[in-house]
Amino acid sequence: MRLQRAARVILIGAPGVGKGTQSERLLQRFPQLSSISSGDLLRHNVKQRTPLGIKVESTLKTGGLVPDDLILRLITNELNHRGWLFANATGRPNTMTLSSSAIGADEASSYERDADVASFISSPTMGHNFVSSPSEDPSASFLLDGFPRTAAQADRLDEIVPINLAVGIHTPLDVIMERISGRWVHEPSGRVYNTTFNAPKVPGLDDITGEKLVRRADDSEEVYRQRFKKFQETSEPLMEHYARKGVLIEVEGMSSDEISPKLYQEFEERFC
């Protein structure tokens, strides 16, 4: 299915609701759609040993939160790099990146890294006078994963690139709990199985390698309920933000197969 205008989309849903499944299906159905993951951008910088990557590596390892300014600058730079965000009067992308300056950990002093990161954050495209203009070309369509998670972050993102479709995905809590209780993971590859709807061919073993599957430490009922409560506290204001913008839709279903056709219909009506 071909898009006729740019789709700038986020999916909002509780852990275990199936956002990953829906993202994969949308990417397959609409080839012009790309995935932009804030987590992937951060991990790329860490792997490439950029000043930014060195700066945030310890934060990521300990599960800490990376400052919003850094995430926003990474997203801005990625959109600029792809030519999807125009940052000046000439209509040409304006790119300033740390990703191209990979260095060894022992080659940069702490002062230099801090200065580079400060320059990265305070570059022209992060200033209050910066006015962005997103491309409306269908090839500039993306699913943004991992950001924003709060209404405050959404406000900041609006200054850079306006999301034109926010999808709230809803599945009953007891259904999600059942999914989580049956979830098994092949850690080296990230492949996920579920004993209720996507069971491995041999119980407890990965289909491809035959290696043992494991349960995630956070796939317990107690941990999940804590995560679900935290999600509700942040997601309600986030969805209200996009409802006020007139771009929020909400879809409900007991399974991914029930939700996907509803998403396809919305995409086709809005962008095709």
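Q: How much space lies in the largest cavity?
A: Rolling a probe the size of a water molecule over the atoms shows where empty space is left. In this predicted model, the largest cavity holds about 40 Å³ of space. A cavity is a set of points, on a 1 Å grid over the protein atoms alone, where a 1.4 Å probe fits but cannot get out; its volume is the space filled by probe spheres set on the points, which are joined across faces, edges and corners. The structure holds one cavity of 30 Å³ or more.

Q: Which residues line the largest cavity?
A: The lining (residues with an atom within 4 Å of a point) consists of Arg8, Leu79, Trp84, Pro134, Ser135, Ala140, Phe142 and Val161. Six of these residues are nonpolar, one is polar and one is charged.

Q: What is the order of the strands in the open sheet?
A: Strands of a sheet pair through backbone hydrogen bonds, either parallel or antiparallel. Here five strands form an open sheet in the order S2-S5-S1-S6-S9, with parallel pairing. Strands are DSSP runs (E, at least two residues), numbered from the N terminus, and two strands pair if DSSP finds at least two bridges between them. Strand S2 (33-37) and strand S9 (248-252) are the edge strands, each pairing on one side only.

Q: How many bridges join strand S1 to strand S6?
A: Five bridges join S1 (residues 8-13) to S6 (residues 165-170). Ile12 stands opposite Gly168 in S6.

How values were computed:
Residues are numbered from 1 along each chain as its sequence is written. This is a predicted model: local features need pLDDT of at least 70, side-chain atom pairs count only at pLDDT 80 or more; totals for chains, interfaces and linings use all residues. Side-chain values use heavy atoms; hydrogens and water are left out. On a 1 Å grid over the protein atoms alone, a cavity is a set of points where a 1.4 Å probe fits but cannot get out, and a pocket is an open set with protein on both sides within 12 Å along at least five of seven lines; lining residues have an atom within 4 Å of a point. Ala, Val, Leu, Ile, Met, Phe, Trp, Tyr, Cys and Pro count as nonpolar, Asp, Glu, Lys and Arg as charged, and the others, Gly among them, as polar. Helices (H or I, at least four residues) and strands (E, at least two) are DSSP runs, numbered from the N terminus.
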